Each structure stands twice: as C-alpha cells, then as structure tokens.
Amino acid sequence: MMPQFSYWDILRNLIYAGELTVMLSLIAFIGGGIVGMVLLLARVWRPQVFGSVFNIYVQLFQGTPLLMQLFLSYFGLRLFGIEVSVWVSAGLALTLYTSAFLAEIWRGCVASIPKGQWEAGASLALSFGEQMRYVVAPQAMRIAIPPTVGFLVQVIKGTALASVIGFAELTRAGNMIANVTYQPFTVFATVGLLYFCLCYPISLTARYLERKTNAVRR
Amino acid sequence: MPSAAEATAPHKRIVDINALRKSYGDNEVLKGIDLHVRPGEVVAIIGKSGSGKSTLLRCINGLEEFQDGGLVVDGKPLLYDNASAMRALRQSVGMIFQSFNLFPHLSVGRNIMLAPSLVKKRDKTAARVQAEALLERVGLEDKFDAMPEQLSGGQQQRVAIARALAMDPKVLLCDEITSALDPELVGEVLGVVEGLAKEGMTLLMVTHEMRFARKVSDRVVFMHQGRVHEMGPPAELFGNPQTAELRQFLSSLQE
Amino acid sequence: MTVQLDFLAVLHYWPMLLTGVAWTLALTVLAIVVGLALSVTFAWVRVEGPRWAAIPVAAYVELLRNTPFIVQLYFIFFGLPELGLRLSPVLASAIALVLNLGAYSTEIIRAGLSATPKGQTEAALSLALTRYQVFTRVVLPPAMQKVWPSLVSQIIIVMLGSAVCGQIATEELNYAANVISANTFHTFESYIIATVIYLALAILIRRLLNWAGPRLIFGG
Ligand SMILES: Nc1ncnc2c1ncn2[C@@H]1O[C@H](COP(=O)(O)OP(=O)(O)OP(=O)(O)O)[C@@H](O)[C@H]1O
Ligand SMILES: [Mg+2]
C-alpha cells in the first residue's frame, strides 16, 4: 500500500535537508574565503612568482564544470585510498571552487586601488604587510563586500550539485522525496522555492550594498 | 511691440508657434510663447538659466510634449499620437545638442549615413557621396572612417552638424552647441554655423555667445521666466534694451 | 602505494567523447542564439516596455537567478510530467539552458541599456528614426558592446553548467564520461579527460565569442 504524504511531510523533510545546504554553503564560503585570501596575498606580495600560479588556478576552476570538480574530488580521494565521508569530498571541491572565484573578485578590487596608495604607504616606510593592512585593504574591502556577498548566492546554488555525488542536501532530498511521493512537480517547485527563499534576500542585500558603495564613491 | 517679423503673413512662416504652454507637473516652464520665423531667418534665443530656452527648442521637434497651444513647422502641425506625422516633422527639423550625441559605435561617416539610409531609404553609394560632401563642408573630409572618440569636441560637434544636415532639414535647432567646448574650439564650430546662416538656412539657436548672436542673427529673442520678454533685431536689443530684466541680464554677462 | 592511471583505455572511447562534445556545443549554441534573442527582448521590456509586461519579466529573472540550474532542470524534466508535459532529455535540457542564460543575460543587457545616455535616443529621434530603429541601431549596439565581456563569461558559465544535463541522460560530454567510466571502471581518468575537454571548450568558446562579438553583434 502506498503511504500518503501530506504537503507538510514534504516541506518538513525538505527544510531539514535545507539545513545541510546551509551548512555546506558556509563551509565552502568560509573555507573558500580563507584559501582565496592566501592566494590573493601571495599574488599581491610576489606577483612575479605567484602571478602565473594564481592565474592558472583561477582559470582551472573557472574554466571547468563544478560538477567535474566534485566528481574528481570524490573519485580522486577514493582512488588514492582515502575513504572519506561525502562531506569531505563535497566540502573540498566547493571550497577550492569558491576560493578561485573569491580570489579573482578580490584581486580586481585590490587592483582598482590606485598605485599611488601603495607608493604613499611605501614612502612612509611602511612594510608590505603594513601597506596592505592599513592602506590598501581597508579601501579594497569596501568595494569587495557587495560582490562577495553576491557570490554567496553562487555558492549556495553550487551546493546543489553535491547532490550528484550523494550528499543529502536539499536537491538530493528533493529527488528522494519525489521518488517516494510521486509528486515531482510539487516537490521540485518547493525545492526551488526554498532555494529562492535562501538566495533572494542575499541577492537583495548585495544589490543594496552595491548601490550604497557606489553612492559613497561618487 | 510688433516688429516686421510679426507682421509676416502666415504662409510665409516656416515655424509658427502660438500660445504654447508647457509644464513639468505643477511647474509651468513655458507660459504662452508666440514665435513666428520666416524661411532663412536666423533667430538667437538668449536668457537666464532655467528661463525655458532648451524646453522651447525641444518642443519644436517633439522631444517634449506641450500641453496647450499650437506648433506648425513647414506646414506640418505637431501631432504626438501620430508617429508618422511626428517623423515627417522631424525630417524638416534638425537638432544639434550641447553634448554632441554622436553614436559612439559608428564611424563618423556611418553616423552621417545612418538616418538618410534608414529614413530616406537613400542607397549606400548616394548616402556615402552625400556624407563625404557634408564632411568637406564642415572641414573634416579626412575623418570619414574615424570613430567619434578619436575626435576633439569641436570636430565632434561639426560632425553632428553634418549629420543633421544630411536629412536636408528646413530648420536647424542649436542648443548651446559650443558650451561644452574648450574656448579655442568654439570658433571652428561657430564658423560652420555662420556659413549655414549665410547660405540661407533657417536657424533657431540658444546661445551664450552674445557677440556671435549680434553678428549672425536677424532677430534676438530674450526669454524670461517662460515668456518671450523682449524681441527685436540684435542692434536694437543689445544697444537699447527696453526692460529692466534684459538690462540686468546683459550687464550680468559683462562681469 | 601506487596508483595506476590508464587514460588510453578512456580515449579508446573517443567516438563517444566526440558525440558528447557535439551535444554540449549544440546545446550551447542553441542557448546562445535563443537565449540572447529572448533576453534582448526582455531587457527592452524591462527598460522601455509596458509595466504589465515588465513585472513578470523581472519575476522570471529573479526566480531563475536565485535557484540552482540543476533544480530548474529537474523541475522541467521530472516535475512537468506530473502535469502531463513529458519532454525528452535533450528538449528539457535545451529549454532549461535557454531559460537560464536568458535570465542572466536579460539582467546584463538591461544594465547596458540603462547605461546608454538619453541624449543618444534624443539625437536619433531628432533624425526622424522610428522607435524601433532607435532601439536596434542606436541604443542596443553600444549597450551590447559594453556588456559583451559579461555576456561571454555568462555563456561560458552556462556551457560548463550544461554538464548537469548528463544527469538526466542527455548525451553530452559529462554523460559520455559517465558511460565510459561505467564501461572501463577507469572513473577518475574518464572525468579527468572530460574536465580537460571542458577546459579546452571554455577557452575556445571565449576566444571565438570575443572575436565574433564585434563583427556580428554590434557592427551597427
Ligand atoms: N525633464 C524635466 N523635468 C522637470 N523639470 C524640468 C525638466 N527639464 C527642465 N525642467 C525645468 O524647466 C525649466 C526650464 O528648463 P530649460 O532647460 O528649458 O532652461 P534653459 O533656459 O535651457 O536653461 P539653461 O540655460 O540652464 O540651459 C527649469 O526650471 C528646469 O528645472
Ligand atoms: Mg538649456
């Protein structure tokens, strides 16, 4: 006999899975932020040495499908005999993916700070670290915040692909629930709506922040 | 004070503006303008900032809608809700803007050829021949393939004039066409306009170049708070202003 | 511990990879052509169109931009049959890709259109061009020129995103890699090769579009 599922059952289970989406997004966003920052600092510190490494890294992650990156992380780790949970595979791939995008966004922000600012710092006998920390970073940070917040939306949407390697987040939960309830239309519409509820406020915030920074700079 | 121009018979008028009123919301900007222009006449419009000079010019080719009164150009009345009548009128009225407004993605030559080929369905070679001739007329025969951004402001404005002339307009509207230019570039543009005036083009120009207005125009219109406050031949208007407002305006320019 | 990698075993299936590349490219080209046409129209609606049309377009753009592509695809492929609309994997993929690119590029082109100065429109109107001519000849070309780099990036993102279509058995590149890995058990190698091909496609398409843009789209 087929069990009856109320809409409430569907929604409750999806929301539960949505928590995993949020968690995975945060891991990727924070991890990606840290890795991206290291990459960026290396690049700005010694452009001749790390410039091309940085560019290749960014090109590699921006020029290949996130889905492939997830597969490679999942099967790659296994291939080398490392049996890890899907959290690690998904977290690793999404972190690296996020780091490439954030590093590139931030590189643009740092590059938009006039050279004269670095020079002014240097002429005051500040070290590289001090120039970065006290002169450039505060200015770059202001313009970096809106696109960074905006990218969080891309990260959240990116976590949906982790469903393909078996991570039981929102999209995968949608798949499973659609299979048992035979209500794929309702289920996937709800899944989409839940993503929208997560992402849209962040998009609006990013847009608001962008308008604010533009207004200040003008 | 009726002048000779006011007495012109209606059929001899190329621009006929009667009791024209225009507001932006509650703000009435033109408060009943009467202006009648003969073919070949050169009219300079002067007045303080905000007196409605630009608005008047923009009404004449339908860039602004007015609420009351009549406007006829070359026998064609202005009808906003009739797109083809609107375009027929705009074919007789050219306009040159303070900020040039050349199309940045088209070369100088293509800027000039665009409207004749689209609107007048002129074939490519004819349009090209005409564009080359017009460029020669404004002294830029070697700039046909240049992009607008490669030109100086004065050159851009001369291209804009050539572009307007390519539609064979009966009337040319010029709104402070030298205001965005460096002083040393003003002369070359005014030179072209003066040439047009001599050739008999009907010109309505808003200008802050009083010396130029005096030299070239047949009639000067002084606008004040949305009305034609004083009007007459340049020698009279500049030499013997009748109203306190015009006297004040002219003396403010001297400083 | 040593790991044996055998790429030749995977490359042995080159006809399958080639088919995959062909489908990936076909879907991408379709998305570019239909998606961009759609988004130019929609962007016009958002900037100059009537309000009753601008609001649904804005809703479409926001809805698509704030949900994952894979969910859009699943909704179309798995969800719509519940309403009696059964689509083949290729058709579902094509529709999803077109709608997805359409939403992003509507927003990109809209930004370009609103950046065109009003004086441009006025100059064109005063030259007696029709509203349609003003839009297609004067407002749109420089806007497209301005936003072309962003559009190219978005097209690349959509092309890479199309890998997901393999999950509903559209025979594109990722699907080819899935099948090859199942046949050879060289899973890691299969995905490495697919990834390298995707990277090459991304570079190639970017070059091609950067070259073609100025010539085809905004030549004037
Ligand atoms: N688009 C508009 N919306 C609302 N008010 C406007 C608009 N354009 C002009 N105005 C108002 O209409 C009045 C006349 O403006 P107009 O531009 O015609 O003046 P002007 O004589 O050309 O001045 P200037 O010498 O500064 O160019 C001004 O008070 C202005 O604020
Ligand atoms: Mg003005």
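Okay, ligand 1 first. Its shell, meaning residues with a heavy atom within 4 Å of the molecule, is made of B:Tyr24, B:Val29, B:Lys48, B:Ser49, B:Gly50, B:Ser51, B:Gly52, B:Lys53, B:Ser54, B:Thr55 and B:Glu176. Before I go on, this is a predicted model, where local features need pLDDT of at least 70, side-chain atom pairs count only at pLDDT 80 or more, and totals for chains, interfaces and linings use all residues. Residues are numbered from 1 along each chain as its sequence is written, chains are lettered from A and ligands numbered from 1 in the order in which they are written, and side-chain values use heavy atoms, with hydrogens and water left out.

Back to the shell. By class, we get two nonpolar, six polar and three charged residues. Here Ala, Val, Leu, Ile, Met, Phe, Trp, Tyr, Cys and Pro are nonpolar, Asp, Glu, Lys and Arg are charged, and the others, Gly among them, are polar. Helix H1 of chain B, residues 53-60, gives the largest share, three residues; helices are DSSP runs of H or I, at least four residues, numbered from the N terminus.

So who sits up against the ligand's oxygens? The side chain of B:Thr55 has an N or O atom 2.5 Å from one, and for the side chain of B:Ser54 the distance is 2.6 Å. B:Gly50 uses its backbone instead, with an N or O atom 2.8 Å from a ligand oxygen. On its own, ligand 1 exposes 630 Å², and the protein buries 59% of that (Shrake-Rupley, 1.4 Å probe).

Now the chains. With contact meaning heavy atoms within 4.5 Å, two pairs of chains touch, and A and C share the most contacts. Chains A and B have none, and their closest C-alpha atoms are 21 Å apart.

How much do chain C and chain A bury between them? About 3,100 Å², with 77% on carbon and sulfur atoms; that's accessible area, 1.4 Å probe, lost on being put together and summed over both parts. C:Asn66, C:Glu82 and C:Phe188 supply 19% of what chain C buries there, more than any other three residues. In residue terms, 35 from chain C meet 38 from chain A.

There's one salt bridge between these two chains, C:Glu62 to A:Arg207, at 2.9 Å, N to O. The cut-off is a Lys or Arg side-chain nitrogen within 4 Å of an Asp or Glu carboxyl oxygen. On chain C's side, helices H3 (51-65), H4 (69-79), H8 (173-184) and H9 (187-217) each supply at least two residues. H9(C) has the largest share, 10 residues. By class, that side has 24 nonpolar, eight polar and three charged residues.

How values were computed
A polar contact is a pair of N or O atoms within 3.5 Å; within protein, one must be able to donate a hydrogen and the other to accept it, and residues adjacent in sequence count only if both atoms are side-chain atoms. Buried area is the accessible area (1.4 Å probe) that two parts lose on being put together, summed over both.
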